[in-house]
4 protein chains.
Amino acid sequence: MVSKEERRINIIEAAVKVFSKKGFHKARMEDIAKEAGIGKGTIYEYFDSKKHLFYEMIKHNVNLYKDNIKVILEKESNLEERLLGICRYHGRFISEHIDMAQSIISQSHLIDDEMKCWLFNERMNIFTIFLDIFKDSQKKGELRKDLNIEAAVLSLIGTINQYYSKKIFAEGLSYEEIDPIPVLDVLLKGIE
Amino acid sequence: MVSKEERRINIIEAAVKVFSKKGFHKARMEDIAKEAGIGKGTIYEYFDSKKHLFYEMIKHNVNLYKDNIKVILEKESNLEERLLGICRYHGRFISEHIDMAQSIISQSHLIDDEMKCWLFNERMNIFTIFLDIFKDSQKKGELRKDLNIEAAVLSLIGTINQYYSKKIFAEGLSYEEIDPIPVLDVLLKGIE
Amino acid sequence: MVSKEERRINIIEAAVKVFSKKGFHKARMEDIAKEAGIGKGTIYEYFDSKKHLFYEMIKHNVNLYKDNIKVILEKESNLEERLLGICRYHGRFISEHIDMAQSIISQSHLIDDEMKCWLFNERMNIFTIFLDIFKDSQKKGELRKDLNIEAAVLSLIGTINQYYSKKIFAEGLSYEEIDPIPVLDVLLKGIE
Amino acid sequence: MVSKEERRINIIEAAVKVFSKKGFHKARMEDIAKEAGIGKGTIYEYFDSKKHLFYEMIKHNVNLYKDNIKVILEKESNLEERLLGICRYHGRFISEHIDMAQSIISQSHLIDDEMKCWLFNERMNIFTIFLDIFKDSQKKGELRKDLNIEAAVLSLIGTINQYYSKKIFAEGLSYEEIDPIPVLDVLLKGIE
DNA sequence: TATGAATGAGTCTTCATTCAT
DNA sequence: CATGAATGAAGACTCATTCAT
């Protein structure tokens with residue numbers, strides 16, 4: 001016996017696996033059902049369509065990401081510690097949800113206007129969380145006064161993405177094996 | 001009358017437009033044919049399949065990107081000028097070929113092992129071009145001695161991607177309107 | 001608490017509403033259950049399948065129709081009064097059970113051979129009731145001696161159907177508002 | 001080699017056969033394709049959907065019916081001859097297109113509002129053609145002055161429907177074997 | 001060489017029916 | 001008895017690809 005909500009999560013988790021492995025179009029509803037250990041039709045008791053399942057999966061994971069980032073930021077007050085935590089979690093998130101991450105990071109043709117709007121707002125939301133942290137740090141003198149905060153946040157996200165992607169997908173490392181120090185070093189001190 | 005090669009380029013350019021607008025799966029061969037102003041069947045005189053057309057299109061654009069980056073690097077010898085040129089061209093490339101760029105940057109489920117291998121090599125190739133530039137600059141003293149060159153290159157690519165994506169897609173700017181200075185500032189001086 | 005038989009009738013009445021509104025194929029068992037205020041599975045305690053429910057519903061209504069026609073015919077002995085009663089009741093029946101009426105009047109692809117046979121017999125039965133009335137009236141001199149009784153009965157049924165259908169569906173009248181006199185006039189006197 | 005238009009008619013004729021034999025819902029697109037001697041997908045080159053094919057089929061046949069009725073009415077100027085012609089053609093039409101006829105005569109849940117409107121207008125159109133004939137005849141003195149023309153037309157249509165339906169479906173006659181005289185007799189002289 | 005009509009494999013989705021609670 | 005969550009068979013529809021002209 002599983003509750004309605006458990007079954008929902010159960011399906012979303014199967015969807016994450018199958019969409020991540022095959023991509024939206026190659027993923028068959030039957031595959032997702034099999035992965036969840038249920039019948040094809042059951043998915044439709046919980047989600048209106050393949051597209052809606054995809055949306056709900058993204059929402060679920062974006063919320064997961066946000067919640068975890070918040071926890072990390074609350075645990076630490078020191079900037080370097082915070083960046084370290086973000087690096088590690090973001091890296092782990094990329095390695096586990098690369099397609100999800102792509103959906104968050106990039107535009108998609110699957111996504112209708114309502115969803116696009118929601119995603120846009122969420123990205124802005126995450127962006128703003130980082131922005132606020134950087135503003136605080138700037139006030140506290142942890143960051144130089146003439147720093148363009150916006151560019152800094154975007155550099156943070158972009159650098160982590162590239163660095164962890166390369167280590168995970170090109171070099172085959174697992175996210176625990178990746179040393180975040182070079183990322184922090186470049187970010188903090190620049191290249192000059 | 002057009003030559004074989006002109007027609008090929010003609011089809012690839014149509015494919016760029018349609019794949020960029022609709023994504024691989026939503027793009028129909030008929031759409032591409034119409035965009036190229038030819039009949040559906042004609043595409044198959046030049047490309048074996050939709051997938052092959054997609055591959056050839058990526059190759060075409062990756063080569064274009066590489067050629068242009070090389071020209072920029074040859075034109076300038078000063079690091080900051082080079083970074084400025086890369087910023088501008090990369091930004092323009094993103095704005096014109098966002099889906100292409102995603103295909104180059106990210107993994108894709110459409111892509112078979114041979115293609116994956118080719119793409120991987122190309123990415124490494126581009127990565128190496130940047131790496132060599134940074135090594136030279138480090139020797140010349142334009143970069144600090146203790147800099148992790150690899151992290152620096154990945155930060156460069158990641159930061160440009162994020163910054164230009166945000167400006168273009170979230171703020172609706174055209175790539176000419178985007179000021180590359182904040183990107184360079186963060187990259188060169190870091191955030192501290 | 002309701003008895004087995006009350007629940008059965010309750011379901012049939014819900015079925016009438018839903019089948020009438022949506023047609024056999026568009027009507028969902030869940031809709032019927034909801035209309036009856038019970039659970040989906042409960043219907044299967046009373047009827048073997050959707051098709052059987054449909055059959056039982058038709059039987060119920062055909063019997064209703066026959067019973068009411070008999071009552072009308074017993075109440076009146078004068079031909080014109082009887083025709084008037086038939087007009088009114090048949091018109092009301094059409095307006096309330098148009099899809100039912102169509103099922104009785106026309107062939108249907110839903111209907112298997114046993115049901116077809118039963119329906120055929122019922123139609124013949126109703127036809128015979130009218131036929132007997134007309135024969136009696138012919139004997140009593142209420143109808144001309146050279147009248148083809150069969151054609152007369154079919155004309156009666158066909159004329160009422162057309163006339164009431166037009167008034168109800170094309171002109172939007174309710175069956176009480178429809179004047180049966182023109183129908184009787186044409187039937188009795190012909191057009192010449 | 002067949003022209004676009006020939007293929008269209010070809011498909012509609014196959015659709016008439018299959019829809020008539022199986023009804024809308026039981027008819028599979030594959031059946032219709034097979035009947036037309038073509039592939040499933042080809043139908044979609046000519047019709048947007050199953051529903052649209054159904055609509056186009058109805059339109060085709062309604063137009064056929066109207067054209068033939070007009071030819072019959074133009075050929076004869078005498079009322080009885082005209083009624084005879086209508087009887088025979090309408091009977092033949094019923095025997096060949098019973099489901100079509102039902103679609104014209106009855107309401108249907110398949111039919112959307114635009115189509116309903118079109119069908120309604122066509123029915124009114126056919127009704128008006130008959131009405132005009134009767135008005136002319138009334139002027140010429142072929143019909144009694146106090147006749148309700150509307151009721152007369154509806155009686156004509158209804159009586160033919162019932163009579164030919166019974167002869168064809170209950171008694172298994174072919175439409176050529178059916179004697180139209182009893183229908184005309186009842187219609188012209190009434191039952192009294 | 002270029003075409004586009006024809007094809008049919010592949011998949012989402014619906015919903016009657018079952019059965020464990 | 002009553003329920004409704006789970007099921008999976010069935011069918012409409014899409015579109016890459018072929019091939020006769």
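B:Arg28 is partly exposed, with 46% relative accessibility (buried means under 20% relative accessible area, exposed over 50%, partly exposed in between, with a 1.4 Å probe and protein chains only). Its salt-bridge partner is B:Asp31, which counts as buried at 18% relative accessibility.

This is a predicted model, where local features need pLDDT of at least 70, side-chain atom pairs count only at pLDDT 80 or more, and totals for chains, interfaces and linings use all residues. Residues are numbered from 1 along each chain as its sequence is written, chains are lettered from A and ligands numbered from 1 in the order in which they are written, and side-chain values use heavy atoms, without hydrogens and water.

A salt bridge here is a side-chain nitrogen of Lys or Arg within 4 Å of a carboxyl oxygen of Asp or Glu. Over all chains, the count is 54 salt bridges. Here are some of them.

| Pair | N to O distance |
|---|---|
| B:Arg28 and B:Asp31 | 2.8 Å |
| B:Lys66 and B:Glu122 | 2.9 Å |
| B:Asp185 and B:Lys189 | 3.1 Å |
| C:Lys166 and D:Glu150 | 2.8 Å |

B:Lys66 and B:Glu122 are both buried. B:Asp185 is buried at 16% relative accessibility. B:Lys189 is partly exposed at 43%.

Now the interface of chain D and chain C. Each chain gives 50 residues to the contact (heavy atoms within 4.5 Å). The buried area is about 4,300 Å², and carbon and sulfur atoms give 58% of it. Buried area is the accessible area (1.4 Å probe) that two parts lose on being put together, summed over both. Six salt bridges cross this interface.
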